[in-house]
Amino acid sequence: MLRRDLLRAAALTLPLTVAGRLMAAPQTRSRLLVVFLRGAYDATNVVVPVTSDFYYQSRPSLAIAKPDPANPNAAVPLTADWGLHPALHDQIHPLWLKHQVAFVPFAGTDDMSRSHFETQDTVELGQPLTGTRNYNSGFMSRLAGQLGGTQPIAFTDQVPLIFRGGAAIPNIAINTVGKPGVDDREAKLIASMYRGQALAPAVTEGFAVRDEVYQSLSAEMTAASRGAVSPKGFELSARRIGRLMQAQFNLGFVDVGGWDTHVNQGGATGYLAGRLAELGRGLAGFADEIGPAAWNDTVVVVVSEFGRTFRENGDKGTDHGHGGAFWVMGGGVRGGQVLGRQVELTQANLNQNRDYPVLNEYRAVLGGLFHRVYGLTAAQLDAVFPGAQPIDLTLV
């Protein structure tokens, strides 16, 4: 029913005011890492609305069970109304208990295209939806310009849109999009082991279905990921990112692909669960590698272009949706909270009867966060996110 969270949201999602709270000049000691989950991750199964009967009705095969200490596949309790996907129990939940991670559901853009490419551009540009887009002006580039003295870096194979414009920045690729763990040669060897046995047809059919699913999804998922590192690649590279940001860089961006889950998404286990575990281990590794002192001055923001449909589809997956959930992490974050405007999750409150509404517009949320982290003036915030009205969720 979101009782406590609604009351908290009413107190905190007020328009950002300037009087008496803005610093004379922005401070740049803090580190910021933006993690972009390309492909639209299913936030509904990550920050789980465990008190919504409609959620369980809408996802007969995908829903995460209500918190139950005796069930390792149940949601991990966060608040009275929200739970966490069990794949994140060992990596992200400890940070929650330390009040070092917060979640903002019902977050996203006002872009209703449900196009990966258009909405990814919308997020990275940070410009109003109306008017002409300037593809040479990403919001992190504008942020760096307002701060001055930053040392930005993109952990990507080319400079992303979010960092275009302004001074040139370094970029470094950290991996490629992953493929099935068993290649064709290994699959044939395994199948030969079962030849003539009762399980042989099931083994052969299993590999055939795997290949069919992979081929049907790989082209779209690769395109939606835009060359982003796979979750496994991020897990393996996150400590390297932590070392670089501890020693030299204080404004970073990395994109992680593989989140376009139209088919066989899985619930507490399966495809999405595996990717979440990899992402969680990567983020926890980053926090560990950067060290306690630097972690206290670091903010990590995890975003995606949009969420996915509230109801599961006929292929036991989810389709392109609208509102999602942001993660905000760091040693100085006021975590252990699910923040922002929220509504009870019923059919009547869905956007277009299919997905989460966006109640916490991303430029407003990030503008309020940048005010808190850097002490930017109202004019500086408007330069980063033109025309946005920042909201202060007291995230730091």
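**Reading helices, packing and burial**

Analyst: Let's start at a helix end: just after H4, Gly126 takes a positive phi of about 65°. This is a predicted model, in which local features need pLDDT of at least 70 and side-chain atom pairs count only at pLDDT 80 or more, while totals for chains, interfaces and linings use all residues. Residues are numbered from 1 along each chain as its sequence is written, and side-chain values use heavy atoms, with hydrogens and water left out.

User: How many helices and strands does the protein have?
Analyst: There are twelve helices and ten strands. Both are DSSP runs numbered from the N terminus: helices are H or I, at least four residues, and strands are E, at least two.

User: What share of the residues counts as buried?
Analyst: Buried means under 20% relative accessible area, exposed over 50%, and partly exposed in between, with a 1.4 Å probe and protein chains only. Of the 396 residues here, 55% are buried. In H4 (residues 116-125), eight of the ten residues are buried, so this helix is largely enclosed by the rest of the structure. His116, Thr119 and Gln120 are among them.

User: How many residues of H11 are buried?
Analyst: Twelve of its 13, so H11 is largely enclosed by the rest of the structure too. Among the buried residues are Tyr362, Arg363, Gly367 and His371.

User: What length does H11 reach?
Analyst: The expected span is 1.5 Å times one less than the number of residues. H11 (residues 362-374) reaches 17 Å from its first C-alpha to its last, close to the expected 18 Å. At its start, a side-chain oxygen of Glu361 comes to within 3.0 Å of the backbone nitrogen of Arg363. Just after H11, Gly375 has a positive phi of about 70°.

User: At what angle do H8 and H9 pack?
Analyst: Two packed helices are described by the angle between their axes and the distance between the axes. The axes are lines fitted to C-alpha atoms over the stretch in contact, and angles run from 0 to 180 degrees between N-to-C directions. For H8 (residues 231-247) and H9 (residues 271-290), the angle is about 15° and the axes lie 8 Å apart. That makes the two roughly parallel, a label for angles under 35 degrees. H8 passes H9 in a right-handed crossing, meaning that the near helix is turned clockwise from the far one by less than a right angle. In contact (heavy atoms within 4.5 Å), the H8 side includes Phe234 and Ile241, and the H9 side includes Leu279 and Phe286.

User: Which residues make the contact between H5 and H11?
Analyst: First the geometry: H5 (residues 139-147) and H11 pack at about 25°, with axes 13 Å apart. That makes them roughly parallel. Phe139, Leu143 and Leu147 of H5 meet Leu366, Phe370 and Tyr374 of H11.

User: Is His262 buried or exposed?
Analyst: Buried, at 14% relative accessible area. His262 sits in the loop between strand E7 (251-256) and H9. Its side chain makes a polar contact of 3.1 Å with that of Asp260 and another, of 3.2 Å, with that of His320. A polar contact is a pair of N or O atoms within 3.5 Å; within protein, one must be able to donate a hydrogen and the other to accept it, and residues adjacent in sequence count only if both atoms are side-chain atoms.

User: Where is Val333 found?
Analyst: In the loop between strand E9 (324-329) and strand E10 (360-361). Val333 counts as buried at 5% relative accessibility. Beyond its neighbours within four places in sequence, its contacts include His99, Val328 and Leu395.

Methods: Angles under 35 degrees count as roughly parallel, over 145 as roughly antiparallel, 65 to 115 as roughly perpendicular and the rest as oblique.
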